[in-house]
Amino acid sequence: MDLAIARQEGFTSKRSSDTSGAVSNRKPLVVIGVLTRFGRKNNRDAIRKAWMGSGETLKKMEKEKGVVSRFVIGRSADRGDSLDRSIDDENRQTNDFIILDQVEAPGELPKKVKMFFALAADKWDADFYAKVNDDVYVNIDALGATLSSHLDKPRVYIGCMKSGQVFSEPSHKWYEPDWWKFGDKKSYFRHASGEMYVISGALAKFISINRSLLRTYAHDDVSAGSWFIGLNVKHVDEGKFCCSSWSTGAICSGV
């Protein structure tokens, strides 16, 4: 049924308007998933203090700015152990987690990102969905202003676009098991840097419906880029999403 509806809509975003033609604020502008892991509570607390907020501040940002932010984490390989309990205890205090039903491990990050987009699209009907690392500072006002300028694009993929090197040596930190599939075997296709990128609601819906078919590669940013390369999607190379180079009007910065 979801696929039939999506086909009818053409995987396009439909933001509701009132009778005067003004945009309604009833739906979130963006759902931000901050990808975190065990042992990173200090990072999470720093993010809560710097830009995400907590408690009433978090709710206020959702209501007034249409920005929903949640930490995203999986479960321990030893279900119910001290790692899981510490996250459950933290979430009872903060209520700002999406806890995925999958093992939390470095090699599972691409699948973790896919499941975040899928579950977030199922839970929130937002215009955009963003993936952010838990060591990145986000300028919420700059993010909102930039995303608002792209509301007219039905299918959009926004980030600091790059073409990283493909590493074929198994001993390398960034080894790509499927290295032979990438053209000259030296460079990936164009994709957004993994520190932070944004997709439109239509693309999140596409991921949700096709989650069992979309394959992942060694890196989450390459995986996301692969899902959209064959679709009618507007790729936006936005320098404000280059988190490693803080500049005036930048949306993010690595910390």
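Q: Is Asp 134 buried, partly exposed or exposed?
A: In this predicted model, local features need pLDDT of at least 70 and side-chain atom pairs count only at pLDDT 80 or more, while totals for chains, interfaces and linings use all residues. Residues are numbered from 1 along each chain as its sequence is written, and side-chain values use heavy atoms, with hydrogens and water left out. Buried means under 20% relative accessible area, exposed over 50% and partly exposed in between, with a 1.4 Å probe and protein chains only. Asp 134 has a relative accessible area of 4%, so the residue counts as buried.

Q: Which side chain meets that of Asp 134 in a salt bridge?
A: A salt bridge is a side-chain nitrogen of Lys or Arg within 4 Å of a carboxyl oxygen of Asp or Glu. The N to O distance here is 2.7 Å, and the partner of Asp 134 is Arg 40.

Q: How many residues of strand 1 are buried?
A: Strands (E, at least two residues) and helices (H or I, at least four) are DSSP runs, numbered from the N terminus. Val 30, Ile 32 and Val 34 point one way from strand 1, whereas Val 31, Gly 33 and Leu 35 point the other way. Strand 1 is largely enclosed by the rest of the structure, because the buried residues number six of the six.

Q: Which residue of strand 4 stands opposite Val 31?
A: Two strands pair if DSSP finds at least two bridges between them. Strand 1 and strand 4 pair in the parallel sense over six bridges, and opposite Val 31 stands Tyr 129.
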